[in-house]
Amino acid sequence: MRGLRRPLALAAPAFALAIAITGCGSSGGNDQNPPAAKVQIERPVVAARAGFDPGGIYAREARGVVTVISIFEGSAPSTLGGGGGGAQEGLGSGFVVSKNGEIATNAHVVTNGTGGALKRAKQVFVKFGDGNQVPARIVGADPNEDVALIKVDPSGLNLNPLPLGNSQEIAVGDPVAAIGTPFGEAQSLSVGVISAKNRTIDSLTRFSISGAIQTDAAINHGNSGGPLVDSGGRVLGINSQIQSTGGGGEGVGFAVPIDAVKRSLEHLRTGGRAEYAYLGVSSAAVYPQLAAHFKLGANSGAWVQTVSRGGPADAAGLRGGTRRERFQVADVQAGGDIITSIAGAPVRKEFDLSNLVAAHRPGETVDVGIVRGGSRRTIRVKLGVRPSTAPAR
């Protein structure tokens, strides 16, 4: 997914027909203001599926889904929960993850800006389905995975944590449900299926979020931060973005995968921030026709296009492309190394490289398998810390 997340909206051209990738919060933060027209929420019609009971899921899990109201510098909490507010009032969703008051949401629901310029909301409030509305503090925000952890005082609240699923167990066609606050309409349910998995979407740092889940369940502004759940009510991801020609939900929504969310939350709990290992390359996916045309010596892997100057890959001697050439519909930097493995794990698909690097900690030294000039070799690389903003290519 291409585009830049900007204050009040995450929107950028992705195709010639003005299709945009947009954050799905509402009325402030980094998301687009909702239209003033009256909103009518309709329940989608889906085929009955064995074991999929949307009403039952809602009855069990909706109590654990909340509305998150963020107040940013220069605004006052005058219309909390109504979704109107000024330009600096953000409205999104979240869900309870522990009895001690922890709530997961998107980073862009409780922050403004991108990369090193990210600014936290001045105040955050959480509104529960039973009518309680309480202040929350931001424990931490992870712009790389667009995940935030906020916390409320659990005293006097009946908290209902949602169970967390496993990203590896999902399959295209599986039924799913999204619960959140689209256009300020709290506790709204929409249903659909997993349309695709292992998509790539934008983060708040110019690095990409890999492994994202695509769904046709209706997701709109205000759904940001809410859960996408399976037939058993287990959270599969955090609803984060939509792809749209008109700014509304058009059946192409994206959720940050739950495995990435769990990893992020664990970092935020312990230190209030999440650090990721960094290799320092940009790459293109290798496929058989590309490999044959350029005589790469490997039919799959990550073809290094550029190497960040002074980064870990540069220090270890990995090589990027030296000449620009066109093949089929893409321009590539030919002449670089092909990365075929990280610490012995194969790099086969486009998203494998970033996932395998993220599985390690900054400072670890790993073996990077490469093909260079048709010959296979191994290079030892000491991984660094991912910078707050990806280097420009």
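Residues 24 or more positions apart account for 62% of the contacts with a separation of 6 or more in this protein, a contact being heavy atoms within 4.5 Å. Please keep in mind that this is a predicted model, where local features need pLDDT of at least 70 and side-chain atom pairs count only at pLDDT 80 or more, while totals for chains, interfaces and linings use all residues. Residues are numbered from 1 along each chain as its sequence is written, and side-chain values use heavy atoms, with hydrogens and water left out.

## Overall picture

The protein has six helices and 27 strands. Helices (H or I, at least four residues) and strands (E, at least two) are DSSP runs, numbered from the N terminus. Of the 393 residues, 53% are buried. Here, buried means under 20% relative accessible area, exposed over 50%, and partly exposed in between (1.4 Å probe, protein chains only). The accessible surface comes to about 16,900 Å², and carbon and sulfur atoms hold 49% of it; such areas come from the Shrake-Rupley method with a 1.4 Å probe, and for residues only the protein chains shown count as cover.

## The second largest pocket

This pocket has a volume of about 310 Å³. Among its 20 lining residues, Ala-141, Pro-143, Asn-144, Arg-273 and Ala-274 are the closest to the centre. Two elements, β8 (119–120) and β10 (133–142), each give two or more residues to the lining. By type, the lining divides into seven nonpolar, seven polar and six charged residues.

A word on the terms: a pocket is an open set of points on a 1 Å grid over the protein atoms alone, where a 1.4 Å probe fits, with protein on both sides within 12 Å along at least five of seven lines, and lining residues have an atom within 4 Å of a point. The volume is the space filled by probe spheres set on the points, which are joined across faces, edges and corners. Ala, Val, Leu, Ile, Met, Phe, Trp, Tyr, Cys and Pro count as nonpolar, Asp, Glu, Lys and Arg as charged, and the others, Gly among them, as polar.

Most residues other than glycine have a negative phi.

| Residue | Phi | Relative accessible area |
|---|---|---|
| Asp-146 | about 55° | 0%, buried |
| Lys-295 | near 50° | 71%, exposed |

Asp-146 lies in the loop between β10 and β11 (147–151). Lys-295 sits in the loop between α4 (288–294) and β20 (301–307).

Thr-215 belongs to strand β14 (residues 208–215) and is buried, with a relative accessible area of 0%. Leaving out residues up to four places away in sequence, Thr-215 touches Val-176, Val-193, Ser-195, Leu-228, Gly-251, Val-252 and Gly-253. A polar atom of its side chain lies 3.0 Å from the backbone nitrogen of Ala-217.

Ser-188 is found in strand β13 (residues 188–202) and counts as buried at 10% relative accessibility. Its side chain reaches the backbone oxygen of Glu-185 at 2.7 Å.

Pro-346, in strand β24 (residues 345–346), is partly exposed at a relative accessible area of 35%. Apart from neighbours within four places in sequence, Pro-346 is in contact with Thr-340, Ser-341, Asp-352 and Leu-356. Gly-301 is 45 residues away from Pro-346 in sequence, and their C-alpha atoms are 8.0 Å apart.

Technical notes: Polar contact = N/O pair within 3.5 Å; in protein donor to acceptor, adjacent residues only side chain to side chain.
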